[in-house]
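Subject: Structure handover

Hi,

Here is the structure I promised to pass on to you. Please have it open while you read, and my notes follow just below it.

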Amino acid sequence: MEQDAFASLAVLQLSSPCRLLPLACCPDKDLVVLVSRLGGRDRLTLWKMQGTKKWDIEVECDESSIESVSALAWSPCGQTIAVSHGFSRVTLHSVQDGHIERSLTIPPSSHNSERQHRITGAWWFPGHRDLPRSTIPDIFKRNEINTGSALSILKLLPLLDPLREEDNKLTATDLFAFQGTQTGAALKPSIPEVISDWPSLLPDPSLASLCPPILIDEQGKTAKDSQIFTSEEDENSLLVVGDNDGKLHCFLDGSYYLGPISTLPSTVPTAVFKDPKQPLFFLHPQASASNFLSATLAPLSIDLPLLASHRIRDFARLSSAARELMWYVMRIIGDLREVWFGSDSLTGARDAGPKWIQLLETRLRDQFGQKEPSAILELTGLLVAGLCSEGLSDFLSSSEQMSERALQKWESTVTDALIKLRDFSTLRLVPALQRLHIIFEEVLGWSLIPQFVLFGFNTDDINHCLSSLKQGIFIANLLAFQARGELGSFKHFLSFLRYEIALAGNSPETRSPPEHDILEVNHYLMSGLKTSQIDRWFTGPAPQFDPGDLGLPRHNTDTNKVLEEALEQAHTALQDPSQTAWQPKVSTADKSHLDRNLWVLVHDLAVRCQRVFAHVSKATARSAIVSGSVSATPFQVEASETVSGGACQFVRERIIRQNEPGNHLQYLAIYLASEMRPLFCLTRMPYAKCAAGVPLHIDVIVMECSITGHEPGDVTNIQLCNAEFFDDEIVVIVYKVRGTDGPIFAGTVQYSALEYQTQSEGYVNGTGRKDMIANVLERLNGEHRPMPIKRCRELSGCKDGSVCLAVNGRVGRRVVCILDGEGTTMDILDMEGDEDVEAEDESEM
């Protein structure tokens, strides 16, 4: 056995106790993530393998709950870390600085919405990019957008202007801490729940014909758009999260929710394996997270047929574009409502007129003795007959509110608000609703195609969304018309005030001719100064009218009948030449009774649209095919004398991919820590064939927890602290001499070259791994060989206690991280480096 075979990269002395999860090592970078707990909250710390800290952040952003990190997973490109929390939440952090790129929420079960299931594991699998799309070669680069589809139409339309972005609040830590070492805290999300729960891929404003947001740096210059990092390796990738109720939750590209897949209730899925060439999963349900041998021997297979084509991704892009447009519309409505009614930090233009009326009536009541003054009556008499009372004359000539500065402020506030209402409705709100209508027309077309029946479209909800979109387009245009008219009346009203102010201060000989329209001023006095009609776009009940109330023809919702009506009208027009002549028809119907609360309409529309896309997104889970052999059902096996309930300390699993499809091999490493005779068992079986019902056979080798010395008969009993599969050939074990307090060693066993004994189907019976181990030990009851450890090294940091182990066996990144039981010291070993070679290099330097 080769001593000191590995080079030590670093020994980390941690300031607080940390946890090391099995997937903590970055697959393609020299990075490792540690989890610590400070102040009742978990923190993530990213370390370089050489021993330097890169960043440290707090992962919790909800003050009402305290969660703990349960699992980690790295994206295929290695730029994102998926962190699963205690219940129903996954946050994705950037490897650059640790900030939260996006937060994923797992919806509660529809059967029991109050019960939350704890997340037990997370895995991120690379996607298969060669999905069949068409037999015709794509000679034009269209970014996977079908010609004639809704996205292709949106691509040809001009980009809508970006909206104002929320200002980032800087803290003292951000201003004065050193870059790269500051402690970050997650900001509270400001996105409403209906948008955050909307199934979507990574944000892409250009996909929805929106201009990306314009960012301004600290110097006031335009900065580049800091979009979320995307890579071709992450395309079609699947983030899989398992909980303790036997459910798997899948996210396409680590973002688009595909729904919950139920395997077996009240079980915990062990390590999940995905076939690299097809959407097929294998897993072993077990009774509880601590009962390792209660897992099934044969795997369950989960087939997701909808992921075998490009349809799910095409619909996910539609859902993403619809989400961007709806969030854009909601922010526009919010901005318009804020500029009109005001907010906590902004005074609305709506309050300027009533405040002026209140000040005038207060002066008439307090200084001139009018018991029930009416400012509107006073102004109307002045406008029509030129009658100006003493109180009104005094207010116009000496009031502070009638100064030119006050009038200019009033004019700028109301004018800017009305111009924004007019322009935003015409140039942003209506085009965004029209683009959303185009998307839903395509969704309606999808729902009528028999090939998409598995998606489970609800045609009634889609038609209701289309009807609401038509209402929203009409009401938004009506808002622009109303704002345009009120702006003209307001300008005439201010001209009237300036005329009367000048008249009250000058003699009649120097009176200038009026420039205001009496009718426009009277219109603003009646329906603009004290009570504005624009309020109806933000208050009142939701609109309930249909196109028939607007004078438009009422069509049947049945597509075939609509086509028949159109053909019948065209045939009638051709038979009668007078029908083809130009016949202008002006609708004189009164529209004042129609409800026009655009604020409620948009929010109700967002809920319905989100419900349509959320239901369809779960079609992948609804169409999942879960199958397995009879032995793929877990149950609590009876305790036996051979394998006691607490003998199994850990079980490690690894799947080796073979060149032939469906011929993968599964290896299990099982440590039975019996007081009399601790054993280390390795098993090997054809993985995919077991799920397909092929007769089961298992290759097994049982080794005693001992190692041989240099001389014959020199055997040392050891105690295993931990073990993990390193690659397709080596398993790394951490051990110490039995009965001693240390030191602790790290060694390797080449499990691929061991001599396994084949156990046939008739011998290996039972449904659980515990049955298999019991039968194997009864059959092979005899002397077992020691563990053939080839290379080892004594750890300098870890001295005693149980250890946590994380490995990375990728070529060029072959490292092992070992954290001691107290969580304060971690050894990092280079499995390819040699201590002697490293010493020679240091001496030469």
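How many helices and strands are there in the chain? There are 16 helices and 35 strands. Please keep in mind that this is a predicted model.

**The chain as a whole**

The chain has 845 residues, and 48% of them count as buried. It exposes about 42000 Å², with carbon and sulfur atoms supplying 51% of that area. If we take the contacts between residues at least 6 apart in sequence, 66% of them join residues at least 24 apart.

**Nonpolar cores**

The largest nonpolar core has 119 residues. Those with the most contacts inside this core are F315, W356, W410, I439, F440, F493 and L529. For W410, leaving out residues up to four places away in sequence, the residues touched are A352, G353, W356, F490, F493, L494, L497 and L529. There is also a second, separate core of 26 residues, and A669, L720, F745 and V749 are among its members. As background, nonpolar side chains in soluble globular proteins tend to be buried together.

**Q482 in α9**

Q482 sits in helix α9, which covers residues 459-505. Is Q482 buried or exposed? Q482 is buried, because its relative accessible area is 18% and the cut-off for buried is under 20%. Beyond residues up to four places away in sequence, Q482 touches Q533, I534 and W537.

β33 is mostly covered, with 4 of its 5 residues buried. Strand β34 (residues 815-819) runs antiparallel to β33, and 5 bridges join the two. Along this pair, C804 stands opposite L819 of β34, and V807 has V816 as its bridge partner. The hairpin of β33 and β34 has 6 residues between the strands, and there G812 takes a positive phi near 90°.

**The sheet that starts with β18**

Another open sheet has 4 strands in the order β18-β19-β21-β22, and the pairing is again antiparallel. Its edge strands, each pairing on one side only, are β18 (273-274) and β22 (625-627). Strand β19 (residues 280-283) and strand β21 (residues 300-303) run antiparallel and are joined by 4 bridges. In this pair, L280 stands opposite D303 of β21.

**Helix α15 and its cover**

Helix α15 spans residues 769-779 and is mostly covered, since 9 of its 11 residues are buried. The buried ones are R769, K770, D771, M772, I773, A774, N775, V776 and L777. What covers these buried residues? The cover includes four strands, namely β23 (648-656), β24 (665-672), β25 (679-686) and β26 (698-704).

**Cysteines**

A disulfide is a covalent bond between the sulfur atoms of two cysteines. With a cut-off of 2.5 Å between sulfur atoms, how many disulfides does the model contain? The count comes to 0.

Best wishes

Key:
Residues are numbered from 1 along each chain as its sequence is written. This is a predicted model: local features need pLDDT of at least 70, side-chain atom pairs count only at pLDDT 80 or more; totals for chains, interfaces and linings use all residues. Side-chain values use heavy atoms; hydrogens and water are left out. Two strands pair if DSSP finds at least two bridges between them. Buried means under 20% relative accessible area, exposed over 50%, partly exposed in between (1.4 Å probe, protein chains only). Contact means heavy atoms within 4.5 Å. A disulfide is a pair of cysteine sulfur atoms within 2.5 Å. Accessible areas come from the Shrake-Rupley method with a 1.4 Å probe; for residues, only the protein chains shown count as cover. A nonpolar core is a set of buried Ala, Val, Leu, Ile, Met, Phe, Trp, Tyr and Cys residues joined through side-chain atoms within 4.5 Å.
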